[in-house]
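Me: I've got a structure here and I'd like to go through it with you. Can we take it one question at a time?

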Amino acid sequence: GVQYLQYLEEYAKHFNLDKHIRLCCKVTSVDRINAKDGTESWTVTVLDESSKKISTHTFDAVAVCCGTHQQQK
């Protein structure tokens, strides 16, 4: 409940992660990109469910995490 949510919020704040967290967003695709030099990156496409805007971001790594707080629609 409430204590667990408070723990998560404090954890994110302590490690300065809260600025990277986006709520009300849906990941619509994750694509691996293999560069000619042998490096790898990931392109993540996200739908902001509030504004209906789609954005694409590139990362060195991706973690897929789901758990007790996911909502099915």
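Predicted model: local features only at pLDDT ≥ 70, side-chain atom pairs only at ≥ 80, totals over all residues.

Me: What is the strand order in the open sheet?

Reply: Strands here are DSSP runs of E with at least two residues, helices are runs of H or I with at least four, and both are numbered from the N terminus. Two strands pair if DSSP finds at least two bridges between them. β1 (residues 25-34) and β2 (residues 40-48) pair antiparallel over nine bridges, and six bridges join β2 to β3 (residues 54-59), again antiparallel. That gives an open sheet of three strands in the order β1-β2-β3.

Me: Which are the edge strands?

Reply: The order is β1-β2-β3, with antiparallel pairing. The strands that pair on one side only are the edges, namely β1 and β3.

Me: Which residue in β2 stands opposite Val30?

Reply: Look at the antiparallel pairing of β1 with β2. Ser29 has Thr45 as its bridge partner in β2. Opposite Val30 you find Val44.

Me: Which residue takes a positive phi in the hairpin of β2 and β3?

Reply: For the hairpin of β1 and β2, with five residues between the strands, Gly38 in the turn has a positive phi of about 95°. The hairpin of β2 and β3 also has five residues between its strands, and there the positive phi, near 65°, belongs to Lys52.

Me: Is Thr43 buried or exposed?

Reply: Thr43 sits in strand β2. Leaving aside neighbours within four places in sequence, Thr43 is in contact (heavy atoms within 4.5 Å) with Ser29, Val30, Asp31, Ile33, Thr56, His57 and Thr58. The accessibility scale calls a residue buried under 20% relative accessible area, exposed over 50% and partly exposed in between, using a 1.4 Å probe and protein chains only. Thr43 comes out at 14%, so the label is buried.

Me: How many disulfides are there?

Reply: A disulfide is a pair of cysteine sulfur atoms within 2.5 Å. By that rule the count is zero. Take Cys24: the nearest cysteine sulfur, that of Cys25, is 7.1 Å away, and Cys24 is in no disulfide. So the count of disulfides is zero.

Me: Why is the pair of Tyr4 and Tyr7 stacked?

Reply: Rings of Phe, Tyr and Trp (its six-membered ring) pair if their centres lie within 6.5 Å; planes under 30 degrees apart are stacked, over 60 edge-to-face, and the rest tilted. Tyr4 and Tyr7 are three residues apart in helix α1 (residues 2-14), about one helical turn. Their ring centres are 6.5 Å apart and the planes meet at 25°, so the pair is stacked.

Me: Which residues form the aromatic cluster?

Reply: Tyr7 and Tyr11 make a tilted pair, 6.1 Å centre to centre with 45° between the planes. Both lie in helix α1, four residues apart. The one cluster consists of Tyr4, Tyr7, Tyr11 and Phe15.

Terms used
Residues numbered from 1 in each chain as written. Heavy atoms only, no water.
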